[in-house]
Amino acid sequence: MIHLKTDEEIELLRENNILVSETLAEVGRHIRPGVSTGELDKIAEDFIRAHGAVPACLGYEGFPATLCISVNEVVVHGIPSDKVVLKEGDIVSVDTCTFMKGFVGDSAYTFTVGEVSEEVRRFLEVTKEALYKGTEQAKAGNRVGDISAAVQEYAESFGYGVVRELEGHGLGRKMHEAPGVPNYGARGRGPLLKEGMVICIEPMITMGKKAVVFDEEDGWTVRTRDRKPAAHYEFAVAIRKDGPDVLTDFSIIERAIKH
Ligand code: MF3
Ligand code: CO
């Protein structure tokens, strides 16, 4: 069942998603060669709690941390650790969720550590742009497949891989609500988008082949099978009368990491 949100509920979702943007900005300020992903996790947990929210990933289906931190070939759901130390040239996807006033915020951003190659920089730009291409389709009367196809076509036009095993989702009082929002698909197919729906669009794109492997030991980490880098950008979008209303604010993150 798809929950349609009132204007008031959308504002509570916006508050959560702005807090997630601010949390990712705070994490971004601390990303540099030599920092461990465990340290970043602590910074985020303190930040979220200091702003009156609860870290919603922590304990979700047993996930052990506030942030999912996914370095290089890790696509999503990397577990922070004091033993994972970032180094120059890495890319690092950080995904987190808040819970406050009855609603959830959920967003992800891929950061660079020091200088990265031109090839990697372009890969990140394309992945983020794929999210924007999908977002343009997030309007009442369209279908989920319009979003999916826009993301897929854009990413594949550069020869990148589109991960099939994981997808975006509805967002509300729960982190994962209907509908699922795949990053591949056909225009005109899938659930109809209606005013009041709130969805997370989250392309997970690979520089090499699209196949992924799920780590059976830790139960969480998802890696590319060919060990090529992966990127992940995610934000929440409300479907409004006049088009997509992005509830997350990447400009907060981008101002924080500009140097
Ligand atoms: N934030 C992720 C998503 O986009 C989910 C994180 S899994 C968790 O759906 F276990 F860490 F919560
Ligand atoms: Co999500």
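Modeller: A residue is near a molecule if one of its heavy atoms lies within 4 Å of it. This is a predicted model, in which local features need pLDDT of at least 70 and side-chain atom pairs count only at pLDDT 80 or more, while totals for chains, interfaces and linings use all residues. Residues are numbered from 1 along each chain as its sequence is written, chains are lettered from A and ligands numbered from 1 in the order in which they are written, and side-chain values use heavy atoms, leaving out hydrogens and water.

Colleague: Which residues come nearest to ligand 1?

Modeller: There are 14 residues around ligand 1. Those that come nearest are Asp95, Asp106, His176, Glu202 and Glu234.

Colleague: How far is a polar side-chain atom of His176 from an oxygen atom of ligand 1?

Modeller: A polar contact is a pair of N or O atoms within 3.5 Å. Asp106 places a side-chain N or O atom 3.0 Å from a nitrogen atom of ligand 1, and Glu234 places one 3.0 Å from an oxygen atom of the ligand. For His176, the distance to a ligand oxygen atom is 2.6 Å.

Colleague: How far from Cys200 is the nearest cysteine sulfur?

Modeller: Cys200 is in no disulfide, and the nearest cysteine sulfur belongs to Cys97, at a distance of 7.5 Å.

Definitions and conventions
Polar contact = N/O pair within 3.5 Å; in protein donor to acceptor, adjacent residues only side chain to side chain. Disulfide = S-S within 2.5 Å.
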